[in-house]
Amino acid sequence: MNIIIVGAGASGMTAAISAAQSGKNNKIFMIEHDDRVGKKILSTGNGKCNLTNENMSSDKYRCSDITVVDKVLNKFGYKETIDFFEKLGLIFKNRDGYIYPYSGQASSVLDVLRMKCSELGVDILTGVKPLHIKVSNDSYIIEYIEDDKKKNIRADRLIIATGSPASNISGADNSGYKLIKELGIKVNNVLPALTGLRSSNSFCKAMAGVRCDGTVSLYVDNVFVSGDTGEIQLTDYGISGIPVFQISRFASIALNEGKRVVAKIDFIPHLSTDELKTIFKNKQINCPQKSMDEQLIGVLNKKVAGVILKRYGNDIYKIIEGIKSFEFDIQATNPFEQSQIATGGIDVSQINFDTMESKKFKKLYFAGEIIDVDGICGGYNLQWAWATGYIAGRNAAK
Ligand SMILES: Cc1cc2nc3c(=O)[nH]c(=O)nc-3n(C[C@H](O)[C@H](O)[C@H](O)COP(=O)(O)OP(=O)(O)OC[C@H]3O[C@@H](n4cnc5c(N)ncnc54)[C@H](O)[C@@H]3O)c2cc1C
């Protein structure tokens, strides 16, 4: 039986390994349109690859039906990921639950996956661009271009693992969704996520370069949607950093729907408004001679203080309001090239998550980010890729 996997990234390579390990008489091919396999893995975790997280649960994922995430993680969760990679030869570094290869090199993860594929006799075809997938009786015909020639290959079982257009890596594009849409499978809007937010406010330039611990809260049409705390980066285009990444998918969806998006930053989240009022009252008693900008020294970064003073004048109550809830009008997210993942993709109603098989077409499976499930930062997106890849591969090989 021919098992073909389209897309040789994190989920595709895992699918190839589990398919090869699950059935002896199968011939397994991986079709990759880029010149090399698994390029995106190399840039994960700033080149260190945060491959999973000890604190694994479905509440780290966003999806229209979170029970499907539970289903997948129950079959292949944190422990199974560790076990899988241990058997491939990795040992790990655990940083507050965030798991990395001990070498600190994402290339180690790609190397062990490639080596296992090769050991198991997986046939990897790179530089092969699929044009269409045709359903033919009980199998699939993939029409593709190789060396400028049109060719066909038949799959008894087909796994689509083509990822998303996120990142600036060659190979990351929308072509996988196109193949799937041609089969009449429902694909939801694919939008940038885990990315920075762009603002039209002119004060951004004046605060560019500042990194500060704060809380960012996202409001869509004046309603609070999501928030996160951590190191926020103020940039000339808007705001970035992990807390901003975590909420960016909500901004992406709302902006796409033409809604008003505002991000509010609390620059001193661990002090309440009343506590700040007391602090400033005491400052005025202790140092009455100091001007307002002098009172802000040691409280706020100088660039941030300058912008807040310009905006709110010398009114201490307004200044405190600005410190606790500084508004950025969000016009856009960063583009896919500067995003880690996409939100959107194959609607979860289209898939049987016990097997990752399409509900519409038998013997067609999906894996990875191409599915409309997105995780927060912290190893959750790769976990989704390994888990769905493993389940798809095993079931395809049955
Ligand atoms: C900068 C960056 C840092 C990240 N860091 C982390 C991290 O530390 N931890 C974490 O959990 N996640 C991280 N992610 C997210 C993670 O990399 C992805 O969620 C994961 O790689 C998705 O796996 P996948 O197999 O679905 O897609 P991919 O790994 O993108 O693989 C898809 C493959 O399919 C190929 N392909 C696409 N279309 C076609 C086609 N039509 N025909 C043939 N081949 C095709 C692509 O070239 C690619 O090789 C990061 C992402 C980025 C961009």
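Are Phe-326 and Phe-328 buried or exposed? The points below take up this question, the other aromatic residues and the ligand site.

1. Basis of the note. This is a predicted model, in which local features need pLDDT of at least 70 and side-chain atom pairs count only at pLDDT 80 or more, while totals for chains, interfaces and linings use all residues. Residues are numbered from 1 along each chain as its sequence is written, and side-chain values use heavy atoms, with hydrogens and water left out.

2. Aromatic pairs. Rings of Phe, Tyr and Trp (its six-membered ring) are paired if their centres lie within 6.5 Å; planes under 30 degrees apart count as stacked, over 60 as edge-to-face and the rest as tilted. The count by this rule is 13 aromatic pairs. Phe-84 and Phe-85 form an edge-to-face pair, because their ring centres are 5.1 Å apart and their planes stand at 90°. The pair of Phe-326 and Phe-328 is also edge-to-face, since the centres are 5.4 Å apart and the planes lie at 65°.

3. Phe-326 and Phe-328 are both buried, where buried means under 20% relative accessible area, exposed over 50% and partly exposed in between (1.4 Å probe, protein chains only). Phe-84 and Phe-85 are likewise buried. These two residues belong to one aromatic cluster together with Phe-76, Trp-386 and Tyr-390.

4. Charges over rings. A charge sits over a ring if NZ of Lys or CZ of Arg is within 6 Å of the ring centre and within 35 degrees of the ring normal. Lys-93 places its charged end over the ring of Tyr-102, at 4.7 Å from the centre. Lys-27 lies over the face of Phe-29, 5.5 Å from the ring centre.

5. Ligand contacts. The ligand is surrounded by 33 residues, and the closest are Ser-11, Glu-32, Ser-175, Glu-369 and Leu-382; a residue is near if one of its heavy atoms lies within 4 Å. A polar backbone atom of Leu-382 is 2.7 Å from an oxygen atom of the ligand. For Gly-171, a polar backbone atom lies 3.2 Å from a ligand oxygen atom, and for Ala-10 a backbone N or O atom lies 3.3 Å from one. Taken alone, the ligand exposes 1000 Å², of which the protein buries 93%.

6. Make-up of the shell. Elements that give two or more residues to the shell around the ligand are α1 (10-22), β2 (27-32), α2 (39-43), α6 (175-182) and α13 (380-396). Of these, α13 gives the most, with four residues.

Definitions and conventions
Polar contact = N/O pair within 3.5 Å; in protein donor to acceptor, adjacent residues only side chain to side chain. Areas by Shrake-Rupley, 256 points an atom, 1.4 Å probe, with all protein chains shown as cover.
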